[in-house]
Amino acid sequence: MTERPRTLSIAVAVAVAVIFGLLTIVSGGRALFGSADMGAVVPFVLWFNFLAGFAYVLAGIGLWRGAGWAPMLSLGIAVTTAAVFAAFLWHVGFGGAWEARTMGAMILRTGIWIAIAALVLRRKKA
């Protein structure tokens, strides 16, 4: 793979991380601190996602700057998101209330961060 596609891939990962992080902070903040009824939210998932949004932005900035810690932060986000998703599935499996959008969001978040972590860790090895 040439340097240009790698650089483009990292730039896309950075953009996804930062934009996704900002959107996560805004939507999570509205759900947590707004007055709207959000339905059957799962509090630990909502709080995790809101706080993780800040880590998304930090990881994106770190990746953009080429910081040595950023790939490991990306991996940490992927692992913790997968763990929270597993806990959410446990909650659902034992009859806890939940929203379909939470299931979709956790699938999306987990997939995105596994992809970003794999990309940047593979790049780090190269």
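The legends below accompany close-up views of a predicted model of a protein chain.

**Figure 1. Overall architecture of the protein chain.** In this predicted model, the protein chain contains four helices and zero strands. Read along the sequence, these elements give the pattern α-α-α-α. The C-alpha atoms occupy a box of roughly 50 × 30 × 20 Å, taken along the principal axes. Of the 126 residues in the chain, 37% are buried. Among contacts with a separation of 6 or more, 73% are between residues 24 or more positions apart.

**Figure 2. Helix 2 and the residue that follows it.** Helix 2 covers residues 43-65, a stretch of 23 residues. From its first C-alpha to its last, helix 2 reaches 34 Å, which is close to the 33 Å expected at 1.5 Å a residue. Just after helix 2 comes G66, whose phi is positive, at about 75°.

**Figure 3. The packing of helix 2 against helix 3.** Two packed helices are described by the angle between their axes and the distance between the axes. For helix 2 and helix 3, the angle is about 165° and the axes are 9 Å apart. An angle over 145 degrees counts as roughly antiparallel, and helix 2 and helix 3 are therefore roughly antiparallel to each other. Helix 2 passes helix 3 in a left-handed crossing. On the side of helix 2, the contact is made by F44, V45, F48, A55, Y56, L58, A59, G62 and L63. Helix 3 contributes A70, P71, L73, S74, I77, T80, T81, V84, A87, F88 and H91.

**Figure 4. The packing of helix 2 against helix 4.** Here the two helices pack at an angle of about 25°, with their axes 13 Å apart. Angles under 35 degrees count as roughly parallel, and helix 2 and helix 4 are therefore roughly parallel to each other. The crossing of helix 2 past helix 4 is left-handed. The residues of helix 2 that make this contact are V45, N49, Y56, A59 and L63. Their partners in helix 4 are T102, M106, R109, W113, I116 and V120.

**Figure 5. The largest nonpolar core.** This core comprises 26 residues. Those with the most contacts inside the core are V45, Y56, L63, F88, W113 and I116. Two or more core residues come from each of helix 1 (3-33), helix 2, helix 3 and helix 4 (100-125). One of the residues named above, I116, touches A13, V16, A17, L63 and S74, when residues up to four places away in sequence are not counted.

**Figure 6. S74, a buried residue of helix 3.** S74 lies in helix 3. Buried residues have under 20% relative accessible area, and S74, at 0% relative accessibility, therefore counts as buried. Leaving aside neighbours within four places in sequence, S74 is in contact with A59, L63, W113, I116, A117 and V120.

**Figure 7. A87, a partly exposed residue of helix 3.** A87 is found in helix 3, which spans residues 70-93. With a relative accessible area of 32%, A87 is partly exposed, whereas S74 is buried. The C-alpha atoms of A87 and F54 are separated by 21 Å, and the two residues are 33 residues apart along the chain.

Note on methods:
Residues are numbered from 1 along each chain as its sequence is written. This is a predicted model: local features need pLDDT of at least 70, side-chain atom pairs count only at pLDDT 80 or more; totals for chains, interfaces and linings use all residues. Side-chain values use heavy atoms; hydrogens and water are left out. Buried means under 20% relative accessible area, exposed over 50%, partly exposed in between (1.4 Å probe, protein chains only). The expected span of a helix is 1.5 Å times one less than its number of residues. A nonpolar core is a set of buried Ala, Val, Leu, Ile, Met, Phe, Trp, Tyr and Cys residues joined through side-chain atoms within 4.5 Å. Contact means heavy atoms within 4.5 Å. Axes are lines fitted to C-alpha atoms, for helices over the stretch in contact, and angles run from 0 to 180 degrees between N-to-C directions. Angles under 35 degrees count as roughly parallel, over 145 as roughly antiparallel, 65 to 115 as roughly perpendicular and the rest as oblique. A crossing is left-handed if the near helix is turned anticlockwise from the far one by less than a right angle, and right-handed if clockwise.
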